[in-house]
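I opened the model to look up a few local features and kept these entries as I went.

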Amino acid sequence: MLDCEKFYNLLVDREIEFFTGIPDSLLKDFNAYIIDNVTNDKHIIAANEGASIALAAGHYLATKKIGLVYMQNSGLGNAVNPLISLVDKEVYSIPLLLIIGWRGEPNKKDEPQHVKQGRITLKLLDTLEIPFEVLPDDIEDVKESLEKAFKYMNEYKAPYAFVVRKGIFEKYECKNETEQNYDLSRESAIKIIVNNLGDNDMIVSTTGMTSRELFEYREEMKQDHNNDFLTVGSMGHASQIALGIAMSKPERQIFCLDGDGAIIMHMGSLGIIGSKSAKNFKHVVLNNSAHGSVGGQPTVGDEIDIISMARSCKYKVAYKVETKNELIEKILLLRSVDGPALLEIRVNKEYRKELGRPTISPKENKETFMKFLSK
Ligand SMILES: Cc1ncc(C[n+]2csc(CCOP(=O)(O)OP(=O)(O)O)c2C)c(N)n1
């Protein structure tokens with residue numbers, strides 16, 4: 001296993017001073033180390049993985065120094081365009097070091113949304129003509145690997161990648177945790193929402209623990225999952241799935257249960273929602289100002305004003321709540337008002353450690369959801 005501090009020091013020895021990316025559970029200890037030890041002007045948790053590539057490119061243009069970009073392999077899709085058309089050696093030729101968490105590594109058990117991504121990760125890097133190595137788990141081997149990586153990046157002025165297997169980094173506990181003292185956790189808010197929706201109201205839930213908590217609550221309540229589309233992958237797109245449904249099913253109320261990290265990832269979608277005036281579109285943002293599902297790394301959810309954003313994107317109404325009673329009142333109101341409507345709920349990032357995962361497959365979920373939606 002790798003000690004996060006030793007790995008970080010090897011990078012610093014190579015003059016890496018700029019870190020950016022989107023968090024991943026496989027990289028969470030290394031990520032926590034960076035959060036604790038790199039100042040905010042040299043570590044940017046970006047909106048999405050493509051934006052991280054661009055940030056590292058900007059850093060290089062300004063300093064001639066190679067930046068480090070970290071991401072889960074799910075994020076490679078978001079990064080492909082700037083990798084090919086910005087930093088590629090046939091375009092601006094900008095070196096950067098990619099650290100990619102390898103979810104869905106072949107022959108290791110993982111969730112359905114990670115299986116194909118895991119299988120094609122190395123092939124995808126090959127196709128992108130980005131040389132890579134699976135990160136060794138011995139620090140002496142890492143030194144040699146870094147030697148090779150920096151030789152390549154300096155000579156060809158192009159990206160180089162390390163693919164990181166599960167369990168490579170030793171545990172590192174973040175010391176810079178921000179205190180949160182809201183009334184509600186994400187899970188308790190989800191329960192209140194479910195309890196106050198109508199039998200025919202449909203939910204599209206975002207990637208990560210929101211979908212898992214929703215699934216578990218239905219199980220606990222001995223309810224079926226017909227009303228819920230659990231967006232297990234494609235982070236940041238739940239609102240557009242919901243909008244696509246809302247536009248074609250005006251007689252049904254469509255609730256998107258979103259996360260702050262997810263709306264920030266593809267924030268432009270808010271403008272599209274506002275422009276479409278779907279009366280039945282109801283956007284619920286569970287704002288814990290963190291990527292809660294992958295380690296609780298901060299988002300800018302505390303700093304931006306989601307309500308003003310919704311209003312300026314032409315949502316008809318936007319509310320913000322922090323307490324249980326306010327939530328009950330506003331969720332009922334949300335059902336009755338004309339949308340597009342948004343409700344931001346401030347929640348803590350805490351979660352249940354023993355939280356399970358959906359036991360129905362994505363295809364089963366799709367089929368039962370479509371059947372119920374067509375009724
Ligand atoms: C494109 C992409 N990048 C990264 C991930 C890894 N990931 C899964 S959930 C998550 C955090 C989501 O944060 P937020 O929307 O705020 O919801 P929370 O987990 O806090 O409830 C991340 C980064 C992913 N699934 N897809």
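Entry 1, a proline in a loop. I looked up Pro-340 and found it in the loop between α13 (324-336) and β14 (341-346); helices (H or I, at least four residues) and strands (E, at least two) are DSSP runs, numbered from the N terminus. The model is predicted, so local features need pLDDT of at least 70 and side-chain atom pairs count only at pLDDT 80 or more, while totals for chains, interfaces and linings use all residues. Residues are numbered from 1 along each chain as its sequence is written, and side-chain values use heavy atoms, with hydrogens and water left out.

Is Pro-340 buried or exposed? I noted it as buried because its relative accessibility is 0%, where buried means under 20% relative accessible area, exposed over 50% and partly exposed in between (1.4 Å probe, protein chains only). Not counting residues up to four places away in sequence, Pro-340 touches Ile-273, Gly-274, Ser-277, Ala-278, Phe-281, Tyr-315, Lys-316 and Val-317, a contact being heavy atoms within 4.5 Å. I also recorded that Ala-310, 30 residues apart from Pro-340 in sequence, is 9.1 Å apart from it in space, C-alpha to C-alpha.

Entry 2, the sheet. I traced an open sheet of 6 strands in the order β2-β1-β3-β4-β6-β5, with parallel pairing, where two strands pair if DSSP finds at least two bridges between them. Its edge strands are β2 and β5 (132-134), each of which pairs on one side only. From one strand to the next the twist averages 20°; axes are lines fitted to C-alpha atoms, for helices over the stretch in contact, and angles run from 0 to 180 degrees between N-to-C directions. I then followed β4 (residues 96-101) and β6 (residues 160-164), which pair in the parallel sense over 5 bridges, and found that Gly-101 has Val-164 as its bridge partner in β6.

How many residues of α2 are buried? In α2 (residues 28-37) I counted 8 of its 10 residues as buried, so I wrote the helix down as mostly covered. The buried residues include Phe-30, Tyr-33, Ile-34 and Ile-35, and also Asp-29 and Asp-36. What covers the buried residues of α2 includes α1 (4-13), β1 (19-21), β2 (43-45), β3 (67-72) and β12 (297-298).
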